[in-house]
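Here are my notes for you to read beside the model. Keep the sequence open while you go through them.

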Amino acid sequence: MAAAARGGRALLVLAAVPAVLTALAPIAYLAARALGSSAAGGFTDLGPAVLRTAALALLVAAGSALIGVPFAILAVRSALPLRGLAFILGALPLVIPSYVGALALLGALGPRGLLARALEPLGVYQLPVIDGLLGSTLVLVLFTYPYVLLLTAAALRRVDPSLERAARGMGRGPVDTFRRVTLPQIRSAVVAGALLAALYAMSDFGVVSLLRCTTLTREAYLRYASLYDPAGAAAVGLVLAALALLIVGAEQWSLRGDTGAARRRVRAAEDVAPLPLGRARIPAIAFVAVVVLLSLVLPLAILAWWAVSLVADASLSEQLRDALPAVLNAIGVSAAAAVVCVALALPVAALVTRVPGRLPRLIESVSYVGYALPGIVIGLGLVFLSIRSAPFLYQTAAIIVIAYAVRMLPQAISGARSGWERVDPRFEQAARGMGRGPIDVLARVALPLAAPGILTGAALVFLTAIKELPATLLLRPNGFETPATLIWQNTAVAQYAAAAVPALILIAVSAAPVYALLVRPEARSRRALG
Amino acid sequence: MRRTAPALLALLFLAAAALTAACGGSDGGGEPLVVYSGREQELVEPLYAKFTADTGIELDVRWGDSAALSATILEEGDASPADVFYAQDAGSIGVLDGLLAELPADDRALIPAQYQDSGGRWVGVTGRARVMAYNTERVEAAQLPGSVLELAQADWPLGPIGVAPTNASFVGFVGALRQVLGDEATQAWLDGIATHARTYEKNSQIVDAVAAGEVDTGLVNHYYLYEKLASDPAAPIANHYFVGADVGSFVNVAAVGVLAGSERQADAETFVTWLLTEGQVFFAAEAEEREYPLNATQPGLEAAADLPPLADLSGPEIDLAALAAGLEGTVQMIRDAGLVT
């Protein structure tokens with residue numbers, strides 16, 4: 001019996017090996033390229049890009065917290081009118097990829113954008129361009145604050161109302177109670193959200209490229225694609241990976257000891273009175289309105305305007321025809337990535353939930369490496385890997401799928417893990433006791449119970465993959481376009497109308513699942529509580 | 001109810017995955033010739049279509065900047081999927097030296113010696129001059145400088161200058177500048193222009209920006225003007241040539257070479273020969289693209305009448321084949337000037 005258990009365990013560990021290899025291979029090849037014999041001085045001249053990256057990450061973290069935290073408090077705990085709707089609208093910018101945000105900014109204020117067109121008859125040609133660090137910060141804050149909003153809102157709903165009641169009972173006012181009792185309990189969620197925004201900013205390639213802010217991601221791309229310096233690109237990639245791991249480490253640290261609270265869904269904040277807004281009512285409404293306007297309404301309106309301008313010159317159908325194969329390409333590789341991720345993730349999740357000990361934890365941690373690796377790092381690593389060791393994969397759709405799998409494996413693992421956790425081992429034992437074989441038990445008892453979690457993970461992989469840009473750009477076969485690459489190319493040459501069509505398609509494709517998977521669960525629990 | 005949505009998603013996934021797998025399979029027919037094209041899609045796609053129509057050889061084209069594609073081939077080495085590389089300038093193809101096959105003597109005999117590699121690994125297809133494109137509504141022709149060296153002056157009188165610092169054509173021009181001025185003066189020129197340059201990735205972007213008045217002037221190859229005017233005949237834009245002995249309008253070549261590692265040598269050579277013969281017509285007078293055809297042996301091949309004669313652009317003598325050797329240094333100098341942002 002014990003021997004059989006050991007055998008099963010060894011089998012599970014073995015089944016988890018592909019996930020570990022997938023996660024580690026790109027970074028290994030990157031290191032080999034950066035430190036190999038033909039590489040000389042790749043780590044030089046990194047100062048400005050490192051500083052710019054740090055500044056961007058810091059500014060985006062601070063900016064997203066400055067918007068996300070007050071927004072969450074207003075939408076969850078205040079007497080804001082229509083706060084349920086405000087919450088949903090505040091979270092919805094998640095459906096807009098950040099490079100589409102850059103497209104909207106350039107399409108409005110950039111060269112040959114809407115403002116430039118409007119001013120041209122007045123003889124104004126040369127507008128100052130909002131780009132570089134300022135423009136990138138602006139765009140990234142507007143599209144990452146929802147992370148802070150979601151995490152903070154969830155933490156606010158977990159706050160134990162009895163503590164607040166106690167404070168009120170001791171004569172504290174509502175604002176004072178909030179400040180002294182509630183805020184300390186959501187601090188770690190705010191920090192985690194801000195660090196998530198920082199990691200996003202650090203990994204971002206599309207926004208900083210379109211807005212010309214040479215952070216490490218753009219530096220790596222330039223070195224590889226324009227400056228005849230592949231070893232330097234690999235070196236930049238390594239530095240970037242190290243910085244990103246640092247941020248993820250900080251994120252994990254900020255959430256230490258928080259897991260208990262996260263699990264402990266407190267039943268009722270229902271009898272906590274909403275914070276009265278008083279004289280702050282008008283400014284609060286204005287704040288929420290401006291944020292929603294800038295991050296959701298304006299970008300969509302600008303894209304729609306450009307798309308409609310195609311109707312005027314009768315080329316909309318042409319653009320749609322160009323975009324269709326790209327959409328099919330993206331759906332194909334993203335769906336394949338979801339399948340591959342689930343296949344790799346299942347053994348890891350089973351191992352972690354069923355087998356105690358250090359090895360399973362280690363395997364899980366290693367599989368999570370991709371979470372910290374920016375797409376450009378994975379893309380470069382896989383370019384080097386496939387040229388050297390797997391030429392049959394080079395410039396194929398398959399290598400794009402592998403890149404997505406590395407990056408998005410963690411999403412599949414956490415989905416599969418939450419699914420697996422719903423399977424009580426006693427059900428399986430009971431089925432075994434009734435004489436069912438192990439495979440039969442897996443197929444008829446375990447998998448059906450775990451399926452919702454696994455599928456949620458797969459859906460998240462699909463959603464992240466379909467808008468991926470930098471790895472796709474580096475690895476794609478000749479002539480292989482996705483909506484992301486079309487948007488990137490057209491925006492770069494100020495063809496905003498041509499970029500707006502794939503952008504709107506991308507938003508339409510991801511809107512429903514993002515709403516169902518990320519926004520609605522939170523909005524629902526809000527209703528249940530409020 | 002809650003189960004159906006995920007189940008549907010799962011079905012969708014599986015269907016799509018099956019579809020991808022099916023599409024990823026072999027196409028059945030012969031493999032097309034893989035061309036890494038450093039020449040822009042808007043310019044040469046019709047040329048490639050004509051080639052396929054003439055010869056029946058299908059092309060699989062990877063579009064990109066010449067520098068990016070040549071760096072890619074260097075990284076790919078012998079295993080490069082490319083059969084042919086058609087570059088925008090002599091330097092970006094020249095660095096591939098050892099990776100290129102020697103071209104047949106018959107092909108090389110068609111083109112004057114100064115427009116090809118002395119070792120016969122690449123050959124120029126067309127010549128193209130560097131020019132300063134300018135917005136005719138915002139700048140008078142008389143205001144434009146006689147020498148490209150004036151662009152670096154601290155008291156540059158016109159607005160920002162559009163420059164594509166990582167584009168192979170600009171890199172090639174800086175390489176020529178180094179041959180004429182030496183490194184120190186070239187670095188000073190780069191540092192000078194960096195103070196009033198506005199950077200772009202591609203020549204066509206600069207031409208668009210000039211036409212829109214976003215910049216008053218820009219450094220590009222001469223033929224982008226005609227592409228712009230074809231799509232927008234009223235665009236207020238013209239080319240300014242730095243005539244005489246100035247290096248500003250030096251003539252570089254768009255050049256082609258065959259990868260030594262290619263398993264399609266015969267088709268690749270057909271492509272090269274076609275570019276140097278039938279393909280030349282595409283660039284000559286009255287044709288879609290107004291470049292300088294370089295085939296000296298083919299009668300009736302004259303450059304468009306509105307281009308200055310090639311002889312007027314002689315400038316200082318530039319060794320095109322030597323541009324490759326200095327390429328890394330040239331790129332580093334452009335980086336040092338802070339032009340790459």
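This is a predicted model: local features need pLDDT of at least 70, side-chain atom pairs count only at pLDDT 80 or more; totals for chains, interfaces and linings use all residues.

1. Residues are numbered from 1 along each chain as its sequence is written, and chains are lettered from A and ligands numbered from 1 in the order in which they are written.

2. Start with the core. The largest nonpolar core has 292 residues, and Ala337(A), Cys341(A) and Ala345(A) touch the most other members. (Such a core is a set of buried Ala, Val, Leu, Ile, Met, Phe, Trp, Tyr and Cys residues joined through C-beta atoms within 7 Å; buried means 20 or more other C-beta atoms within 10 Å of a residue's own, with C-beta atoms placed from the backbone.) Helix 14 of chain A (residues 316-354) gives the most to this core, 21 residues. (Helices are DSSP runs of H or I, at least four residues, numbered from the N terminus.)

3. Now look at Tyr228(A), in the loop between helix 10 (216-225) and helix 11 (230-254) of chain A. Its phi is near 55°, a positive value in a residue other than glycine. Is Tyr228(A) buried or exposed? Tyr228(A) counts as buried, because it has 23 C-beta neighbours inside 10 Å.

4. Compare Gln395(A), which sits in the loop between helix 17 (375-389) and helix 18 (397-421) of chain A. Phi of Gln395(A) is near 55°, again positive in a residue other than glycine. Gln395(A) is buried, with 22 other C-beta atoms within 10 Å.

Notes. A residue is buried if 20 or more other C-beta atoms lie within 10 Å of its own, exposed if 12 or fewer, and partly exposed in between; C-beta atoms are placed from the backbone. Helices (H or I, at least four residues) and strands (E, at least two) are DSSP runs, numbered from the N terminus.
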